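The sequence and the structure come before the description.

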Amino acid sequence: MQLEGIHHITAITGDAPRNVDFYARVLGLRLVKKTVNQDDPTIYHLFYGDERGDPGLDLTFFEYPGASPGRAGEGMVHRIGWRVASADAIGYWADRLGDEGTPSERVGARLRFRDPEGLEHELLVDESGDDPLVADHVEVPREMALQGFDGVRAYAAQPEASRALLERAMGFEQRSEAWEVRGRRRGSLYAYDPPPAERGVQGGGTVHHVAFASTVEDHEAWRDRVIGAEARPTPVIDRFYFKSIYFREPSGVLFELATMGPGFTADEPLEHLGEKLSLPPAFEHMREQVEPRLTPLPDIRQWRPRAVPSGYTGPASNSIS
Ligand code: ZN
C-alpha cells in the first residue's frame, strides 16, 4: 500500500477573479472545476489542473471574498514546488512573469515567485521521471508548461515530531533534504524549514491543507494506519469528486488523504470542465439561491486552445451553396 504523491493542494484567495486570471491565464493551468465550498456553499471552491484534472497537478482555492493576505508560519506550508521540462522553460517563465509585472528570483537553477496574494511558488527542472501533467493553453507552449507538483515545504520548529507518522504510517522515505512519498506511478517531496519568528496567519495566499493520493481500495486502510500512529483523522467524507479524510500531522500541517477517483468528469464532460458552476448532487437544490450570489469570474474559454469567439452559435445552416 503506497500513497501516489500529492493529490492536491488547497489554498485561500480573497479575490477569485484575480486568482482565475493568474492561474488560468498567466500560469496556463486549466480551471477543471468551478464549484462551491462544501462546508460553506456561498463561496467558490476553484480547482486548477492539467488537461484531465489528474491528481498530482491540482491546486485548489477556497474563496473568502475580500480576505486580507495571510502569512505562512509554523505548521503551515509556505512554498509549492512545480516541475518544468527544461532550463529553457525556467527562462520562459522568468520572461512571462516579468511581462505581467510579477517579480521572480532565480535561486540556483530554480525560479521563485509569488501569486498576487503572496503564495510562494518555485519552478525547477523535473528529474523525477514521472509523467508530465500539462494543460493546453492559447499562449503557453506545451514544452514550457508547468508539469505538476514537485512537492511542498512547510515550517516546523521540531520536524522530528513528525517522523514516526510520515515514515512508519504513511511510507515517506527520507532523502537528502526532504521526505519523498512515492507510489507506483508518481511521487512528491515534503520538506520542512525553520519557522519565522512571526506567527502564521491563515488568509489570502496561504495554504490550507495538502492532500496525498490514495487508491479508492486502500483509503479506509490508510485511515486505520494513521490512527495507529496516533493521528486523529476525520471519518471518510464524500467530496463527490473524491473521498477524503483529514488530520493534522504532529508539526501542525493539515493533511488530507484523497482518493484518485471518481474525478472531475463525474458531472461534466472532459472538454467542458470548469466552464459552468458544478454543484454536487447534494447541493444542486441550492443552485438558484447560490449561483446569483457568487462572484462573477472571467470566461476561461478565452484561454483554451481553439477558443470559440463569444456570440458564435455554430456554422450558418445556409452557408453551403
Ligand atoms: Zn482537499
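## Terms and basis

A residue counts as buried when its relative accessible area is under 20%, as exposed when that area is over 50%, and as partly exposed in between, with a 1.4 Å probe and protein chains only. By this definition Glu256 is buried, with a relative accessible area of 1%.

The model is predicted: local features need pLDDT of at least 70, side-chain atom pairs count only at pLDDT 80 or more, and totals for chains, interfaces and linings use all residues. Residues are numbered from 1 along each chain as its sequence is written, and side-chain values use heavy atoms, with hydrogens and water left out.

## Zinc site

Three residues coordinate the zinc ion, namely His8 through NE2, His209 through NE2 and Glu256 through OE, at 1.9 to 2.0 Å. Donors here are N, O and S atoms within 2.8 Å of the metal (3.2 Å for Na, K and Ca); water is not among the atoms, so sites may look incomplete. The spacing of the donor residues in sequence is H-x200-H-x46-E. His8 lies in strand S1 (residues 6–13) and Glu256 in strand S16 (residues 254–262), so that this pair, 248 residues apart, links distant parts of the chain. Helices (H or I, at least four residues) and strands (E, at least two) are DSSP runs, numbered from the N terminus.

Like Glu256, which has a relative accessible area of 1%, His8 counts as buried, at 2% relative accessibility.

Two strands are taken to pair if DSSP finds at least two bridges between them.

Strand S2 (residues 30–37) runs antiparallel to S3, with 7 bridges between them, and a hairpin of 2 residues joins the two. Lys34 has Leu46 of S3 as its bridge partner. On the other pairing of S3, 5 bridges connect it in the antiparallel sense to strand S4 (residues 58–63), where Thr60 is the bridge partner of Phe47. Strand S3 (residues 40–49) is largely enclosed by the rest of the structure, because 8 of its 10 residues are buried.

S6 pairs with strand S7 (residues 110–114) in the antiparallel sense over 4 bridges, and Arg112 in S7 is the bridge partner of Glu105.

Thr102 sits in the loop between helix H2 (87–99) and S6. At 13% relative accessibility Thr102 counts as buried. Neighbours within four places in sequence aside, Thr102 is in contact (heavy atoms within 4.5 Å) with Phe22, Leu97, Phe113 and Arg114.

## Helix H1

Because 8 of its 11 residues are buried, H1 is largely enclosed by the rest of the structure. The buried residues are Ala16, Asn19, Val20, Phe22, Tyr23, Ala24, Arg25 and Val26. They pack against S1, S3, S4, H2, S7 and strand S8 (120–125). Just after H1, Gly28 takes a positive phi of about 75°.

Asp21 lies in helix H1 (residues 16–26) and is partly exposed, with a relative accessible area of 25%. The side chains of Asp21 and Arg25 are joined by a polar contact of 2.7 Å. A polar contact is a pair of N or O atoms within 3.5 Å; within protein, one must be able to donate a hydrogen and the other to accept it, and residues adjacent in sequence count only if both atoms are side-chain atoms. Residues up to four places away in sequence not counted, Asp21 touches Val26 and Trp303.
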